[in-house]
Each structure stands twice: as C-alpha cells, then as structure tokens.
Amino acid sequence: MIQVEGMTKIFHDKKRGKIVAVNNLEFNCRKGQVFGLLGPNGAGKTTTLRILATMILPTKGKIMVNELDVVKHAAKVRSQIGFLSSETGLYDRFTPRETVMFFGRINGMKDKIIEKRRAEIFHNLDMEDFQDVRVNKLSTGMKQKLSIARSIIHDPPVLILDEPTVGLDIITARTVTEYVKSFRDQGKCIVYSTHIMREAEKMCDVIAIIHQGNLIAQGTLSELKKNSSSDDLEEIFFELINQGENLG
Amino acid sequence: MSWRNIKLIFIKELVGTIRDKRTIIAMIIIPLIFYPVLFTGIGYFNKLGSMKSEEAASKIIIRGAEFAPQLVKHLRDSEKVEILITEEDSPNKLQNGDVQAVLVIPSDFKYKIEQEEPGKLILKYDTTEAKSRVAQKRVNQIIEKYKGEILLQRISRLNLQEEFLTPLILQEENIATAEKITGSFLAVILPYLIIILIFAGAMHTAVDITAGEKERGTIATLLVSQISRLEIVLGKCFAVMLISFTSMVLGLLGLTLAFLLGASIAGGIEGVNFGISINTIFLLFLVLFPLVGLASAVLVMVGIFARNIREASSYITPIYMLTVFLGVISVSQGMELTGKMFLVPILNSSFVFKEILMGKIYWNHILITFSANIIIAGLALLGATRLFTKEEVLFRS
C-alpha cells in the first residue's frame, strides 16, 4: 500500500542553512498493518508524514501510496488517505454533524452516502449524544473522536496518524488507540508516529526507529529485540540511538 | 476547477463568520444601533445646550447709557436682554460669566448722530462662550434695527424715498437639480466612507479565515482534501467579498439613519432633497464590485502569508492606513486625476465615485478603473494561491 524509497527532504533556513529533515528513508506498509514511526521530537516523523499526505513535496525519492505517486498524482493520493495529527484542528462554530458533512463533501462524496457513513461512524464512536453541539462546547475527548470521524468519513484505505494521542488524557488516548486497532482489523494501512514507547509496543506491527532524519532500525518488535541485548523497547531505542550517534 | 468546491468553501466561511458574535456586533449592532443612538444622543445634547443659551435672557452691561437713550430703549424693550447700567469698568464680570456682553457708548455718540456722522459703539463679548455669542447676536440685531431708523430719518430729512437706498435688485436662480445637489453633497464624503467601510468590513473575516485557520490548525485538514488550492482561495475570497459588501451597505445605512436622526433632533435638515437615479446606482456598482474584489483578494493574500492572526493584523494596519490616506486625498476639494493616475487602485475608485455622483460620466475613467482593479485583484488571488503551495509559508511557525 505504501512504498517509500530514498525519501529525502531538505529545508533551507536563512539562519541555519541547509537542514536535512529526513534522509534517504526506505520503508513499506501493507494493508491491515500498523507501521510505527518511533522517534524523539525533531526526528523527522512529522516531515515524513506530511510528505505521505501530499502536504509538502519530497526533495528526492519515490513515494507511492496505493500505487499512486505522491508527487505526480497528489490529488488522487488525497482521496486515498485520512490524515490526523495533533495539529489538525476543528471548526469551533460547527457541530460534529456539520463538520463531517463538510469534509465528506469536499472529498467529493454524495450527501446520501455521507449521511449513511456518518450515522455508522457516530454510532461506532459513541458520538450521537453530542452530534449537534457546537465544537467549542465539546470536551477534548469528544473533539478527538470528531477528528477521527472527520479523517475517515470518505473511507480511505490509508490512514496517516501523526502523534494522535499527544496532549490527551489516558482515557481519551485509549479511545484513539482502540480505534486505530479496529481500523487495522478492517484492513486499512496505517502509518502511526509516536514518541511513546508503550504505544509503539502495543499498537505497531512494524516499528521504524527514526533519529535526526535517519531510519536507524526497522522490524517487528520481536525482530528488534532479537538484534538487541535488551528486551525492553525503551532500552533498545536508546541502544540504537547511541549506536547511530557513534556511527555518525 | 469546480464551482461546487468553491461553493462549499464559500458557504462554510459564510456560516462560520455569521456564527461569530464579533461579526454580528461589527456588522449589525455597531452600524444599525450604535451609530444612530450615538448621533441621536449628540443631537439631543447639542439641542439641549443651544436651547438653554437661547432661552435665558442675555445680561449685558451698558456704559454711557445716557448718550444713546433711544438705543437703550430698544434694548430694554427686548425681552431677551437684561440690562445693567453702570459706569464702572467691569471686565471681570464678563470674564467670570456674570454678564454676557458689555456695550460701551462713548460720550460723543449723541453729538455725532445729530451731526450726521458715524457714531461709534463698542461691544465686548467672549466668543468662546455660547451664551456670550448669543448675547452678541441679539445686541447686534437691535443695533441694526436702530441703525435702520437713523438712516430713514437722515434720508427723509433730505427729502429722499426709502428706495434711494436700494439702487439695484439681484435675483439669483440656482439651476442645480435635486440630484446634482445630492450628488455634490455626497461626492465629498461618500467615496471615502465607501472605501473605509469596504476595507474595515473585509479585514476581520479575511484574517480570521486565513491566518486564523493556520492558528487553529484547521488549514491542514483542507490541504489534504480533494479540493484544490485555487478553489480554497476563491471560496474564501468570495466569502470575504460578500461580508465586506454587506458591511459596507449596513454601515452606510446606519450612518444615513444616524445622520437623519441626529439632524432631525438638532432641528431638522433644510435644503437636502435626496435624489439618486438608477443609472447612477448601476455605475456606482460597476466601480464598487472590482474594489470589493480587490480589497478582499489583497487581504486574503496577506492573511495566508501571515503566521497567525496577530501577525496578519500588523501587516494589515499599514495597508489600512494607506487606504485611509488615499481616501482622504479624494475628499480634498479641487484635486483632479490625470490619465495614468486612474491606474492607482483605491484612488481611482474614489475619484470615479466622485465623478459619477457629480453626474460626470467619463467612460474611459470608469473602464480604466474597472480593469485596473480587476487585474490587481486577480493577481492578488493568484499570489494567494501560490502562497498556499509554498511549504515555508504554510508550515512556518
């Protein structure tokens, strides 16, 4: 579903000069798989996901989403993805029902289909009680549910989730992770970035560790454990980062 | 480009704006309620003040009353004048406001009048005091009346008729139509008001739906949707245009209402007979439409460029000041634009508005203004769309 070969992104900053945000990344993510991008802040996770979501262009590399090139067919790629990050806000003056209707429409869906899908999603996410309350009156948990509903209204086969549990309390965060698992069970391809080890351990089928723009290891949790002296993901993470820094 | 998508964005922005309390306050409450109430209040208090100074009798001191008994009699006969006769010098009383005027009659006054020479009178008053100004006016009227009597006496002594004093009669006829009078009255202030109201109306919405979307993090959700950058920009710009135009109409309505209410309370308006033709309105719209588009497109572009609402506001302040400046130029009387100057946005519109209101229809001016503003608005829209594709603009923080 997602194939990334040699993804590189270089930014030019007036003060700091050339910044290599991501360097020659290679990874694949299949249907029904949660691919975890694990790394500290500033590692390049958000840049990677923004390129996958066609929000920014890669400097180099070939990136395919559902057989479509993100550079050549950006518009088509957008119809294939649901994007959710801690930065994706909601419109305060609209209700959940209106929000989802709007995002369905701008993704080219017909009202009848949106309505059917909305009812289904709101039921599954237990949102019916507040579907007609304006967003500015909703709790953080309710808002996050709405963000999820918004990103999947057009039933995209690929989900790109950029630290979706950041800033959420433990109960809301759990709601999010439960839904991510259910989307995996529905056969969606999910790219999930996080800096929380526990989350990566529990959720991700494949974990890629990214540090200073470089992918320093990837594999299933057991594969990562096998190549390391430790059993704990956090220990493995620091071991790899130290190795990476020594090499660099 | 799909009109359906543009319409989706347009409606979303419109609904969001209308649901914002600040818009309702700025668009409806301030012009339609606050302006009329404010002007009515000003009119009421003005009237109250002038009634007070008109009603009370003016206290005046006359020095040398015995040298002009006839004049003093006239003054005494007036109900609105109260006379204190004294010989002492009393500048303090006038300064303190105990009296409103001092009339000094020199000792040779009676002699000069009898000798048919000009008799001198001195009237002291304080122009900064409303009551003193009223006293001056009243004393003046009585003196004028007395002067007329002396004149009649003098010409009758010479066996002349009253007509002797009127060697010619000038009859003036004003050929200006009601429409032209209204036009020239409106031409002074209306272009300036229209321009300011258009910009003020567009500012808040333009910033809120561009820089505001960035600040709230909602822009990313639009960028990863099926809708194109151009469609987003056009939808937003059309929404700002409608809001800006509506605020201008409501603003003008509010100001007209306020003006009429304020004026009618302060004593009514005379001579202003409103008349404006359909043709004039049509031509005004022809100039108005590109101007609204220009204001909206430029403000949307600036809003997209800015990181957040605060930054956008600081970029827009100088633009607004420039607009006010160009508007003020157009208010100044006697200035005429020449050929190429009609390419300067805002300035061109305000002058063409002025010409149209005065009934001077120069099609070349109208067309140059129309095209110049449309082209600049189009360029701003393209600029805004380009900014939307620039990563460093969209994601800088």
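**Helices, chains and contacts**

Analyst: To start with helix α3 of chain A, its buried residues are P96(A), R97(A), T99(A), V100(A), F102(A), F103(A), G104(A), R105(A) and I106(A). Please keep in mind that this is a predicted model.

User: How many residues of α3(A) are buried, out of how many?
Analyst: The helix covers residues 96-106 of chain A, and 9 of its 11 residues are buried, so α3(A) is largely enclosed by the rest of the structure.

User: What do those buried residues pack against?
Analyst: They pack against α4 (111-124) and α5 (140-152) of chain A, together with α1 of chain B. Just after α3(A) comes G108(A), which takes a positive phi of about 80°.

User: Where are D155(A) and Q212(A) placed?
Analyst: D155(A) lies in the loop between α5 and β7 (158-162) of chain A. Q212(A) lies in the loop between β9 (206-211) and β10 (214-219) of chain A.

User: Why does D155(A) count as partly exposed?
Analyst: D155(A) has 15 other C-beta atoms within 10 Å. A residue would need 20 or more to be buried, and 12 or fewer to be exposed, so D155(A) falls in between. Q212(A) is also partly exposed, with 18 other C-beta atoms within 10 Å.

User: Let us step back. What is the secondary structure of chain A?
Analyst: Chain A has 9 helices and 10 strands. Its radius of gyration is 18 Å, close to the 18 Å that the globule rule gives for 248 residues, so chain A is as compact as a globular protein of that length. The C-alpha trace spans about 55 × 40 × 35 Å along its principal axes. Of the 248 residues, 44% count as buried.

User: And how many helices and strands are there in chain B?
Analyst: Chain B has 15 helices and 4 strands. Its radius of gyration is 32 Å, well over the 21 Å that the globule rule gives for 397 residues, so chain B is more spread out than a compact globule. The C-alpha atoms fill a box of roughly 100 × 45 × 30 Å, taken along the principal axes. Of the 397 residues, 35% count as buried.

User: Into which domains is chain B divided?
Analyst: Domain 1 consists of 3-37 + 177-394, and domain 2 of 57-165. The centres of the two domains, taken over C-alpha atoms, are separated by 58 Å.

User: How many residues do the chains bring to their contact?
Analyst: In chain B 17 residues are in contact with 22 residues of chain A. On the side of chain B, α1 (3-18) and α9 (219-223) each supply at least two residues. The largest share, 4 residues, comes from α1(B). By class, that side has 5 nonpolar, 7 polar and 5 charged residues.

User: Now for helix packing in chain B. At what angle do α7(B) and α11(B) pack?
Analyst: Helix α7(B) (residues 178-208) and helix α11(B) (residues 278-305) pack at an angle of about 35°, with their axes 9 Å apart. Their crossing is right-handed.

User: Which residues meet there?
Analyst: From α7(B), they include I198(B), F199(B) and A202(B), and from α11(B), they include L291(B), V292(B) and L299(B). The residues of this contact divide into 11 nonpolar, 2 polar and no charged.

Terms used
Residues are numbered from 1 along each chain as its sequence is written. Chains are lettered from A and ligands numbered from 1 in the order in which they are written. This is a predicted model: local features need pLDDT of at least 70, side-chain atom pairs count only at pLDDT 80 or more; totals for chains, interfaces and linings use all residues. Axes are lines fitted to C-alpha atoms, for helices over the stretch in contact, and angles run from 0 to 180 degrees between N-to-C directions. A crossing is left-handed if the near helix is turned anticlockwise from the far one by less than a right angle, and right-handed if clockwise. Two residues are in contact if their C-beta atoms, placed from the backbone, lie within 7 Å. Ala, Val, Leu, Ile, Met, Phe, Trp, Tyr, Cys and Pro count as nonpolar, Asp, Glu, Lys and Arg as charged, and the others, Gly among them, as polar. Domain bounds come from an automatic or database domain assignment. The radius of gyration is taken over C-alpha atoms; the globule rule is 2.2 Å times the number of residues to the power 0.38.
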